[in-house]
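Here's a quick tour of one protein model. Have the sequence and the 3D view handy as you read.

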Amino acid sequence: MKKEDVVRRMAEFADVRKMDAARCYTMAIEAIRDAILEDGEFRLTNIGTFRVKTVRAHNGRNPQTGETITVPETKRLSFKPTAAMREAVRAR
């Protein structure tokens, strides 16, 4: 689903103009992003949790040369769906 599809559905559901729905969509996405960056986590009830995880430094291998390299510690974003969401997807 694209942003335009979500905005259209929001506008129809709330009976507002697409422009207003698009503004609300943008504000919601920014709020979610800010929460993840500030708290390291964002929970959507009945959907799941976005969480920032730290990946430890580890040894890797350059596939072109075969040389062993050290991959530095980094952060990544993970998503863990709720049990209800997993069941809904499986039932589909």
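What follows covers the ground rules, a pocket and some salt bridges.

## Ground rules

This is a predicted model, where local features need pLDDT of at least 70, side-chain atom pairs count only at pLDDT 80 or more, and totals for chains, interfaces and linings use all residues. Residues are numbered from 1 along each chain as its sequence is written, and side-chain values use heavy atoms, with hydrogens and water left out.

## The largest pocket

Lining residues have an atom within 4 Å of a point; here they are Met10, Cys24, Tyr25, Ala28, Ile29, Ile32, Leu44 and Phe50. Helix H2 (residues 18-39) gives the largest share, five residues. Helices are DSSP runs of H or I, at least four residues, numbered from the N terminus.

## Salt bridges

A salt bridge puts a side-chain nitrogen of Lys or Arg within 4 Å of a carboxyl oxygen of Asp or Glu, and the count comes to eight. Asp20 pairs with Arg17 at 3.2 Å, N to O, and also with Arg23, with the closest N and O atoms 3.4 Å apart. Arg23 and Asp20 both sit in H2, three residues apart, about one turn of the helix.

Methods:
1 Å grid on protein atoms, 1.4 Å probe; cavity = no way out; pocket = protein on both sides within 12 Å on 5 of 7 lines; lining within 4 Å. Helix = DSSP H or I, 4+ residues; strand = E, 2+ residues; numbered from the N terminus.
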